[in-house]
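Me: I would like to go through this structure with you. Could we begin with the charged side chains and then turn to the strands and helices?

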Amino acid sequence: MHPAFESAATERLLLRPFRETDLQVIFALHSDPETSRYRVSGTMRSLDDARALLGPWLEDWAERGVGYWAVARREAPGVVVGVGGVRHKELEGRPVLNLAYRLDPSTWGTGFATEVSRAAIDLARVHFPRIPVVAVIHLENASSIRVAERLGMRMDRVIDYEGTPHRVYVAD
């Protein structure tokens, strides 16, 4: 694992690699209709679906030393409230670091999405300067669009992402 990503933290958040033991947390986050409103694959239906999502995330950490983080508040380090960070992906045939953030609705409006994303972008710039950081956001997801804009990301283009139009934001 890449040490800078493995032990990341912000002023209010602890960020760590996902573990096998986080399966229930992943299911809870992705089975909530509110958090999954703009998810192309929709609301998660089973723990098997969560296991299928977690597998590649664990592989990212094992093979590339970087991946999405489990996000917890500093005052409650054992309680994961979301997922955030970057992972290596391919977009339109090119390598990118895909920025993602999905947080429990109880944290909405706290700035946590911006905080975890800022940490991810800053680390990516230092450790992977040649790989663009992108956020692929559903056209109607106004909250995520606001986060990307707050981060200073620029809207680059609209693409068909798994059959649905999405905006691609790029960190400069």
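Me: Is Arg16 buried or exposed?
Reply: Arg16 is buried, with a relative accessible area of 18%. Buried means under 20% relative accessible area, exposed means over 50%, and partly exposed lies in between, with a 1.4 Å probe and protein chains only.

Me: What kind of model is this, and how are residues numbered?
Reply: This is a predicted model, in which local features need pLDDT of at least 70 and side-chain atom pairs count only at pLDDT 80 or more, while totals for chains, interfaces and linings use all residues. Residues are numbered from 1 along each chain as its sequence is written, and side-chain values use heavy atoms, with hydrogens and water left out.

Me: Which residue forms a salt bridge with Arg16?
Reply: Asp22 does, and the closest N and O atoms are 2.8 Å apart. A salt bridge here is a side-chain nitrogen of Lys or Arg within 4 Å of a carboxyl oxygen of Asp or Glu. Asp22 counts as buried, at 4% relative accessibility.

Me: How many salt bridges are there by this rule?
Reply: The count comes to 12. One of them joins Asp156 to Arg157, with the closest N and O atoms 2.4 Å apart. Salt bridges that share partners link Glu92, Arg154, Asp156, Arg157 and Asp172 into one network.

Me: Turning to strands, why is β2 largely enclosed?
Reply: Five of the six residues of strand β2 (residues 68-73) are buried, so the strand is largely enclosed by the rest of the structure. Strands are DSSP runs of E with at least two residues, helices are runs of H or I with at least four, and both are numbered from the N terminus.

Me: Which strands pair with β2?
Reply: Strand β1 (residues 13-17) runs antiparallel to β2 and is joined to it by five bridges; Leu13 stands opposite Arg73. Five bridges also join β2 to the antiparallel strand β3 (residues 80-91), where Val83 stands opposite Ala70. Two strands pair if DSSP finds at least two bridges between them.

Me: How many residues lie between β2 and β3?
Reply: Six residues lie between them, and the two strands form a hairpin.

Me: And helix α4, what span should it have?
Reply: Its 16 residues (residues 112-127) should span 22 Å at 1.5 Å a residue, and the end C-alpha atoms are 23 Å apart, which agrees. The expected span is 1.5 Å times one less than the number of residues.

Me: Where do Asp122 and Arg118 lie?
Reply: Both lie in α4, four residues apart, about one turn of the helix.
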